[in-house]
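Please look over the sequence and the model before reading on.

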Amino acid sequence: MAAVLEQRQPLASAAFAGYLADAVVAALIDEVTLTPKPGLVDMRGRGAHRDLSWDLMCHSAWALHPTFHAMAVAGQHIADPQQLREQIGLIGRQGEAAMMAATGGINTHRGAIWALGLLVTAAAQDRNAPTPAAVAARAAALACRHDRLAPAMTGNKGELACQQYSVGGARAQARAGFPHVIWVALPWLEHCRTRGDDENDARLNALLAVIANLDDTCILSRGGQAALTAVQSGALRVLIAGGAASSHGRSALQQFEQELLALHVSPGGAADLLAAALFLDRIKT
Ligand SMILES: CC(C)(COP(=O)(O)OP(=O)(O)OC[C@H]1O[C@@H](n2cnc3c(N)ncnc32)[C@H](O[C@H]2O[C@H](COP(=O)(O)OP(=O)(O)OP(=O)(O)O)[C@@H](O)[C@H]2O)[C@@H]1O)[C@@H](O)C(=O)NCCC(=O)NCCS
Ligand SMILES: Nc1ncnc2[nH]cnc12
């Protein structure tokens, strides 16, 4: 019996890493497929983006499966937290290169690789504690460690926006334990499901609640502080009007979408955090 268990243990652990990577890809596809999303790529079209499409986002999500799988395996097998942080940093940068190769140089999921990469690693670290808060806390501990192998500056638009507008961006969100996932998106999902919204509307309302509260560097880098303030209050207006499940909320949502298109901005960071919430929701027990 002991010999059988010894043989089965590694198999079960390999299957768990595969399950987690599948769950990340499913969450990314659920996010991009959610329709209608203001300013973002969805089943209707490319929102405020010229170079993205639903097909490309799905292709990119699948191309990242090996990246998320490798991170989950690292989370299972590397006990030293500093070594783990640096290993997933390497895997993450290789994942960004794989994403660019798959999309012909278009940034589809850089923010998602970061957020979901940390979360999938943290989920794999302890399969007995898959609650959203526990996974997010472990992910935050990893994000807080300094990756000595990372370039000092990325030169990315997000980093520049953080400096210019004094916001924390994707890094601070992770280091704080994903507050917009744990305290905004997941409670909104739960609240909307409980009051009887259908799943699509519950997800849309969760997204709007994140948009209303997030310093999204995607919006800042394209439209500056004025655009961010307009977008945050536009999302709040939709929720106050009753949200996506109500007729007033639906008209407010249409108006909000027109505002985003006119400003030519897109809440890409909020979309990543919705995907993170959908991942944690999928794996929780
Ligand atoms: C830490 C990194 C994420 C690097 O971050 P940095 O800030 O240096 O640069 P960006 O890559 O520009 O920004 C980070 C992306 O994170 C998303 N995001 C934005 N605001 C927030 C927020 N407040 N909280 C959480 N997440 C946020 C967002 O991602 C989405 O938008 C992307 C498209 O954005 P962009 O290219 O600006 O816009 P386009 O419309 O494409 O450009 P134009 O059309 O205008 O030209 C898309 O990818 C979404 O995912 C931000 O873009 C991280 O990359 C890093 O350091 N990695 C190193 C590897 C590592 O350590 N990994 C650890 C293990 S996972
Ligand atoms: N649906 C989406 N549209 C545009 N950018 C995104 N980044 C992550 N998800 C996105």
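Predicted model: local features only at pLDDT ≥ 70, side-chain atom pairs only at ≥ 80, totals over all residues.

The dialogue below goes from the overall fold to single residues.

Q: How many helices and strands does the protein have?
A: Helices (H or I, at least four residues) and strands (E, at least two) are DSSP runs, numbered from the N terminus. The protein has 13 helices and zero strands. Read from the N terminus, the order of elements is α-α-α-α-α-α-α-α-α-α-α-α-α.

Q: What does the radius of gyration say about the protein?
A: The radius of gyration is taken over C-alpha atoms, and the globule rule is 2.2 Å times the number of residues to the power 0.38. For 285 residues a compact globule would have a value near 19 Å, and the protein agrees because its own value is 19 Å. The C-alpha trace spans about 65 × 45 × 30 Å along its principal axes.

Q: What share of the residues is buried, and what share of the contacts joins residues 24 or more positions apart?
A: A residue is buried if 20 or more other C-beta atoms lie within 10 Å of its own, exposed if 12 or fewer, and partly exposed in between, with C-beta atoms placed from the backbone. By that rule 46% of the 285 residues count as buried. Two residues are in contact if their C-beta atoms, placed from the backbone, lie within 7 Å. Among contacts with a separation of 6 or more, 73% are between residues 24 or more positions apart.

Q: Which residues come nearest to ligand 1?
A: A residue is near a molecule if its C-beta atom, placed from the backbone, lies within 6 Å of it. There are 39 residues around ligand 1, and Gly92, Gly111, Gly117, Gly158 and Gly269 come nearest. Two or more residues of this shell come from each of helix 4 (81-103), helix 5 (110-125), helix 7 (157-165), helix 8 (169-175), helix 11 (217-240) and helix 13 (268-283). Helix 5 has the largest share, seven residues.

Q: How do the residues of that shell divide by class?
A: Ala, Val, Leu, Ile, Met, Phe, Trp, Tyr, Cys and Pro count as nonpolar, Asp, Glu, Lys and Arg as charged, and the others, Gly among them, as polar. The shell around ligand 1 has 11 nonpolar, 18 polar and 10 charged residues.

Q: Which residues are around ligand 2?
A: They include Glu31, Val32, Leu40, His49, Ala112, Ser266 and Asp272. Helix 1 (2-33) and helix 13 each give two or more residues to this shell, and helix 13 gives the most, three. By class there are six nonpolar, four polar and two charged residues around ligand 2.

Q: Where is Ala112, and is Ala112 buried or exposed?
A: Ala112 is in helix 5. Ala112 counts as buried because 29 C-beta neighbours lie inside 10 Å. Leaving out residues up to four places away in sequence, Ala112 touches Leu28, Asp272 and Ala275.

Q: How do helix 4 and helix 5 cross?
A: Two packed helices are described by the angle between their axes and the distance between the axes. Axes are lines fitted to C-alpha atoms, for helices over the stretch in contact, and angles run from 0 to 180 degrees between N-to-C directions. The axes of helix 4 and helix 5 come within 10 Å and cross at roughly 145°. In this contact, Leu84, Ile88, Gly92, Gly95, Glu96 and Met99 of helix 4 meet Arg110, Ile113, Trp114, Gly117 and Thr121 of helix 5. The contact has five nonpolar, four polar and two charged residues.

Q: Which peptide bond is cis, and which residues have a positive phi?
A: Most residues other than glycine have a negative phi, and most peptide bonds are trans. The bond from Thr35 to Pro36 is cis, with omega near 0°, and Pro36 sits in the loop between helix 1 and helix 2 (54-63). Ser166, not a glycine, has a positive phi of about 55°. Ser166 is exposed, with 8 other C-beta atoms within 10 Å. Phe178 also has a positive phi, near 55°. Phe178 is buried, with 28 other C-beta atoms within 10 Å.

Definitions and conventions: Residues numbered from 1 in each chain as written. Chains lettered and ligands numbered in written order.
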